[in-house]
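Okay, thanks everyone, let's get going.

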Amino acid sequence: MPPENQTPTRPETLVVRAAVGTDSAYGAVIPPLYTSTTYTFPALGEVPEFDYGRSGNPTRNHLADALARLEHGAGAVITSSGMAALDMVLNLVPVGGLVVAPHDLYGGSHRLLLAREKQGRFRVRFLDLTRPDAPARLRKAAPALLLIETPSNPLMRISDVRALSAAVHHGGGRVVCDNTFLSPARQNPLRLGADLVVHSTTKFINGHSDVIGGAVIARDAAVMEELAWWANCTGVTGAPFDAAQTLRGLRTLCVRMDRQEDNAKRLAAFLRSDERVRHVYYPDGEQALAQASGPGAMLSFELSGGLEAARSFFARPGLFQFAESLGGTESLICHPASMTHRAMDAAAQTKAGITPGLVRLSVGLEHIQDQLAALETMLGQIVQGETV
Ligand SMILES: *Cc1c(COP(=O)(O)O)cnc(C)c1O
């Protein structure tokens, strides 16, 4: 064991070392996958570390430990999906309490909050968290829970986690940050003042578009325990096989993010210089980089020709997969208005700035020249506002 002061903290090292060398039975470098649902008790009255798979599983615990370390939290709960992770956090809101969420958040999160509000579980208010007066408004509203998504989906708007957290803490509330878009390879919300982090591990953390999963990481050990209690009570914990797959994906998170981000920077520069594109949303500005170590590999852009241009643009997607989701090794391109954000009604979409000409791109690991050529081909399908 290295001395305490040599315990690695850099994400590059943490992801590669996740659970490596922990096997006590045979010294396996990569620990085995434990599928057993139940565990023997050593003796009457003695409770083992693991007793039943819903409450605890060694493989799932390895993933939880790795994510807790990466996010600088007291612990993590691994759930069956990102939505299950967010829903679990909502258990912390008292009945009738106020939840504030950004007006342009992930479509599924928007739907979940509205559905819980309709049930009478709590009240929800959507707020543009990027407005300069957002912290003042939060101080006044004193929500029990604030949900932050930064960069936001799909417009990559930046919310100031430090200022918003301070405002919510003033009224005794908690802050949860959805860190799916940047991952702990680029951003650590707990270090910026948030109390909880949720991830859809489906995206960059697993990174191979083959596992649905989620995680909640809390800064405070008592809150972590409460969430673990809920996870066991409601049975939303993730499957051991999924955890093993996700651990495997996690080990390359930092190199994937480095390369995918390099590609995204080149594509953003290309799109910014093209007149068929009205605006490029890529979080590489000063404010974004004040709380993240890089802009990441997600970008979106507004086609100058609106919906007609989008129809032509998407007519033959070519190299890019025309699909929802993000964070995989392959590039994915989508149309938020009709795909990821279709659960939002037209008014909510307009308010959030999700226009019919908006395109979202999750930049993958293909060679940059092939990616540039693919974009050029798709843009070339747009003929002066006509459908080809
Ligand atoms: C995908 C996603 C979710 C939901 O996660 P699932 O794993 O699909 O349940 C939540 N937030 C963001 C930002 C996402 O991209």
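How many salt bridges does the rule find across the interface of domain 1 and domain 2? Hold that thought while I do the housekeeping. This is a predicted model, so to speak about local features we need pLDDT of at least 70, and side-chain atom pairs count only at pLDDT 80 or more, while totals for chains, interfaces and linings use all residues. Numbering starts from 1 along each chain as its sequence is written, and side-chain values use heavy atoms, with hydrogens and water left out.

Domain 1 is 11-250 and domain 2 is 254-387, with bounds from an automatic or database domain assignment. Their C-alpha centres are 27 Å apart. In contact terms (heavy atoms within 4.5 Å), 39 residues of domain 1 touch 39 residues of domain 2.

Between them the two domains bury about 3,000 Å², with 60% of that on carbon and sulfur atoms; buried area is the accessible area (1.4 Å probe) that two parts lose on being put together, summed over both. On the domain 1 side, Leu155, Arg186 and Phe204 supply 26% of the area buried against domain 2, more than any other three residues.

Back to my question: the answer is two salt bridges, meaning a side-chain nitrogen of Lys or Arg within 4 Å of a carboxyl oxygen of Asp or Glu. Arg186 also pairs with Glu261 in a salt bridge, at 2.8 Å, N to O.

Now the ligand. Residues around the ligand include Tyr106, Phe181 and Leu326, near meaning a heavy atom within 4 Å. For individual atoms, a polar side-chain atom of Asp178 sits 2.7 Å from a ligand nitrogen. Lys203 puts a polar side-chain atom 2.8 Å from a ligand oxygen, and a polar backbone atom of Gly82 is 2.9 Å from an oxygen of the ligand. That's it from me, thanks.

Terms used. A polar contact is a pair of N or O atoms within 3.5 Å; within protein, one must be able to donate a hydrogen and the other to accept it, and residues adjacent in sequence count only if both atoms are side-chain atoms.
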